[in-house]
Amino acid sequence: MTNRTLRRAALAGVTAIALLGTAACGSGFDDESGPAQQDGPATLQILIGSSGDAETKAVQDAAAAWAGASGNTATVTPAQDLTQQLGQAFAGDSPPDVFYVDAGRFADYAAVGALEPYGDKISDSGDFYESLRTAFSRDGQLYCAPKDFSTLALQINTDLWTKAGLTDADIPTSWEQLTAAAEKIKAAGTTPLVIGDTRDRIGAFMVQAGGWITSPDGTKATADTPENLRALEYVKTLVDGGLAAYPKQLDAGWAGEAFGKGQAAMTIEGNWIKGGLQNDFPDVKYTVHPLPAGPAGTGTLSFTNCWGISAKSKYKEQAISFVEAMTTPDQQLTFASAFGVMPSRESARDRYLQQFPGDQPFIDGAEYAQGPVNAPKMDSVLVDFDAQLGGLASGDPKAILQNLQRNTEAALGG
């Protein structure tokens, strides 16, 4: 997840430029008639942004099972770089039939008509968590079925927690309690909190304060608000006071690495941290808790993909059948066991928690999670915001938000 986020930032404009370019050249995305549909057995090309061999094998096995039962053929290809390869495929007028769509990229694809809006054709589509439906909806229409999701939670190193004289009664449920615990940990000689220096982590504090970058429908800039200012000022206070540090300050590539090395007593990461710690730091003892609530209440961030179907596919009905098979509760639970994701269907929640009871803070976050910015042409704006958050300790939160407001307004057209 961390590496995927970094790749998305590094190649932020590739897909948008390719898609907008093909749209401007008359690619036919907005042609309501679409390509002629072919009945009978289909040969589906499926492009995924795999997290590793376990995910690739799980999806390939599920695709083979669907193909065998339906009489179709399904070729699953793990992308070296999904954003870049999709951009090239659309620019070359040869997109795959089915592909992963990151929630942070969804609006760019939907805005130029590259996606088939099939979401509500999936059985019991209302079973998908509402926050995930929102992430993949445009103009009130669910475009694609959420594949799975992750949320942020608070991880606590139990040994370092005890060393600081803290107990379960001190586990923070508010900003004030987070500060109090951090001060005791600092006094014990340990960095209290390590947190990533981008909107994908700091943004959780904005949500807890009652703010966000855009309006819920993604049409208005809402960056320069008292709520967002309160959030950035709080994070700045933590960093300035030595109560929180960015990974680079601890010579770590990401917060999970610093946490695993015992350089910080707390971190804020998603459920992907389980695999990272198990593989690289198996001896670390830790617990997982909901993020502390802010002035506006609880808040976290969600990260998700959907199964996108190309508007130019010749096999849309077969592709919908494929996605239907990939998103049944049973199949989602199989994926969860194989590569550590959480099911996007609420009906799979209880069975998931029976298997992974320690993930309850993560899965509960679906009820109050904020998804990525759901608006097109925002890549460069968000990359700039991330860069400024990286310098928050020496920066001016008000100026950062004013700049974000101007840039967002420009991207959204007012």
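Before I begin, a word on terms: a strand here is a DSSP run of E with at least two residues, and strands are numbered from the N terminus. With that in hand, and keeping in mind that this is a predicted model, let us look at the loop between β4, residues 137–138, and β5, residues 141–142, where we find Asp139.

Is Asp139 buried or exposed? Its relative accessibility is 74%, and because exposed means over 50%, Asp139 counts as exposed. If you then look for Asp39, which lies 100 residues away from Asp139 along the chain, you will see that the C-alpha atoms of the two are separated by 30 Å.

Just after α9 comes Gly210, which takes a positive phi of about 95°.

Finally, please find α8, residues 175–187, and α10, residues 226–240, whose axes come within 12 Å and cross at roughly 10°. Because angles under 35 degrees count as roughly parallel, α8 is roughly parallel to α10. Which residues in α8 and α10 meet? From α8 there are Trp175, Leu178 and Thr179, and they meet Arg230, Ala231, Tyr234 and Leu238 of α10. Sorted by class, this contact of α8 with α10 has five nonpolar residues, one polar and one charged.

Terms used:
Residues numbered from 1 in each chain as written. Predicted model: local features only at pLDDT ≥ 70, side-chain atom pairs only at ≥ 80, totals over all residues. Heavy atoms only, no water. Axes fitted to C-alpha atoms, helices over the stretch in contact; angles between N-to-C directions. Helix = DSSP H or I, 4+ residues; strand = E, 2+ residues; numbered from the N terminus. Parallel < 35°, antiparallel > 145°, perpendicular 65-115°, else oblique. Contact = heavy atoms within 4.5 Å. Nonpolar A, V, L, I, M, F, W, Y, C, P; charged D, E, K, R; others polar. Buried < 20%, exposed > 50% of the residue type's maximum accessible area, 1.4 Å probe, protein only.
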